[in-house]
Every structure is written in structure tokens, then in C-alpha cells.
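Please look over the sequence and the model before reading on, and keep both at hand. The report below goes from the whole chain to particular places in it.

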Amino acid sequence: MQKVRWTILIPIYLFIFGINSAEAAKYAVMEGGVKNGGIVSGQVILNGTAPPARILKIDEDVEACGGDRPSKELLVNKKGGIKNVVLSIEDIQSGKKWDFPNEFVYDQKKCAFVPHVLLIKPKVQGFVLNSDKVGHNFHTVSKGIYNINRKIKAGAKMKVKKNKIRKAGVIRAKCDIHSWMKGWWFVAKTPYTVRTDEDGTFSIANIPAGTYKLKVWHEKLGESEQSVVVKAGITTKINISLEL
Ligand SMILES: [Cu+2]
């Protein structure tokens, strides 16, 4: 009996302890700001030729939604630059202030999520709009970050109250009425988190000198990381190539 009890108790103890130590490693803003920080900038490129975009079949509320359209799951420009890749330095305990908006807006327009990838900070408040003439059933899927399943009527909006987005991580958004509607919310762990533009370029500024892991996330190309050395007052150029 004694043996059985311990095998149950030890994992429970480790589970609780694990949560506490994760809380302790939370990001803190450096007093007086970052002095002589470095910059990491570069470009994310697709290795090889981009396949033609998948065409989304619009088979519901066509009048309000519009017709078939290319998917935004992989946006590559003529030179191979990939849009909507999120780059982040997360193993940094303290640094610059959060320079993210204090309120976000996420729209549903022509039965598509705008922006396709939303970058926000934890606990932030915001609005999910419905700019369409039809209702949407806004539904999020995440590992305990922010899960909601709610109808938003035509022209209405839903407030996401402060602290509802509990922690950093990835949230998938969908609509249960229009199956093609897919979007992503990336909740940053630190303010050293950016998203690539149309050309696949990015820049992370004001980083205290040090060696960090640069995390790379893309909805279709997955997750990876690489080491980056940041030197005081210097821009470090990094080119990243991803494969399908
Ligand atoms: Cu919808």
C-alpha cells in the first residue's frame, strides 16, 4: 500500500512545484530601461519554390462572404520572403518595457479573420468585431490560454476583458459556421517578439547583450529555434530559411 501511495504523490508534488517555478521565471521590466541594447534583424525565406496557394471553397453565405479565395496559411513573396512568421526571444528574464498595444482589435471581414496572425501580450483587453452582414460563431482553441465559443451577431462586437488571456502561447481561432475561417493569436511571453512583414523581414530591438535562443514559429512550417549572440549597440543580421 505504502509503495502505491508514493508513486501517486511524487508526480503530484512535481506537477505543483513545476508550476511554481515557471511562475518565478516571469518576465520583468528592467529598471531604468535597457542601456546600449543590441538589435537582431533579418529575413525569413522559404527554401525551395512556394506551392500555389490552396483555394478556400466558400460554400456558405456567399453573398455576404464573397467567393472562393486563396488561403493565407503560407504567404510567400516573389523573392521567397515569408509573411506572418513570429520570432521571439523568450529566455530573457528582464529587459525593455512592453511596447505592445494596450488594446487589440480583431475583425471578421468578408468571413475572414483580420489580421490573419494577431500578436498580443498576455492579459491584454480587446475587441473581436464582426464587420459582416452575417453572424459568426467565434471559437478559440488553446491549451488553457483563452478558450471561448460565442456567437457574434452581424455588425456586433465582443469585448475580451483584461486578464482573460491568461498566459503566453498560441491560440487558434475558427468559426463554426464558416469552416474555412481560420486565424491565429500569438500571445508573446516577452516584448522581444515580432512578426515578419510581406518581405519576410523582421527586427527585434533593445536587447540586453547576451546569448539567447531565437524561437521561430509559423502556422504551417512549424516551430524551431537557434542560438543568437547579441552584442551591445550592434545589429546582428540573421537569415533563416524554412522548409515545407
Ligand atoms: Cu463565420
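What follows describes the chain as a whole, then a metal site, and then one of the pockets.

The model is predicted, and its protein chain holds two helices and 20 strands. Of the 244 residues in this chain, 41% count as buried, while the accessible surface comes to about 14,000 Å², with 54% of that area belonging to carbon and sulfur atoms. Among the contacts in the chain with a separation of 6 or more, 66% are between residues 24 or more positions apart.

The copper ion is coordinated by three side-chain atoms, namely ND1 of His 136, SG of Cys 175 and ND1 of His 178, at 2.0 to 2.2 Å. Along the chain, these donors follow the spacing H-x38-C-x2-H. Cys 175 counts as buried because its relative accessibility is 3%, which is under the 20% cut-off, and His 178 is likewise buried, with a relative accessible area of 0%.

The second largest pocket has a volume of about 350 Å³. Its lining is made up of 19 residues, and those that lie nearest its centre are Leu 56, Ser 71, His 116, Trp 180 and Lys 182.

Strand S15 provides the largest share of the lining, three residues. By type, the lining residues of this pocket divide into eight nonpolar, three polar and eight charged.

How values were computed:
Residues numbered from 1 in each chain as written. Predicted model: local features only at pLDDT ≥ 70, side-chain atom pairs only at ≥ 80, totals over all residues. Heavy atoms only, no water. 1 Å grid on protein atoms, 1.4 Å probe; cavity = no way out; pocket = protein on both sides within 12 Å on 5 of 7 lines; lining within 4 Å. Points joined across faces, edges and corners; volume = space filled by probe spheres on them. Helix = DSSP H or I, 4+ residues; strand = E, 2+ residues; numbered from the N terminus. Nonpolar A, V, L, I, M, F, W, Y, C, P; charged D, E, K, R; others polar. Donors = N, O, S within 2.8 Å, 3.2 Å for Na, K, Ca; no water. Buried < 20%, exposed > 50% of the residue type's maximum accessible area, 1.4 Å probe, protein only. Contact = heavy atoms within 4.5 Å. Areas by Shrake-Rupley, 256 points an atom, 1.4 Å probe, with all protein chains shown as cover.
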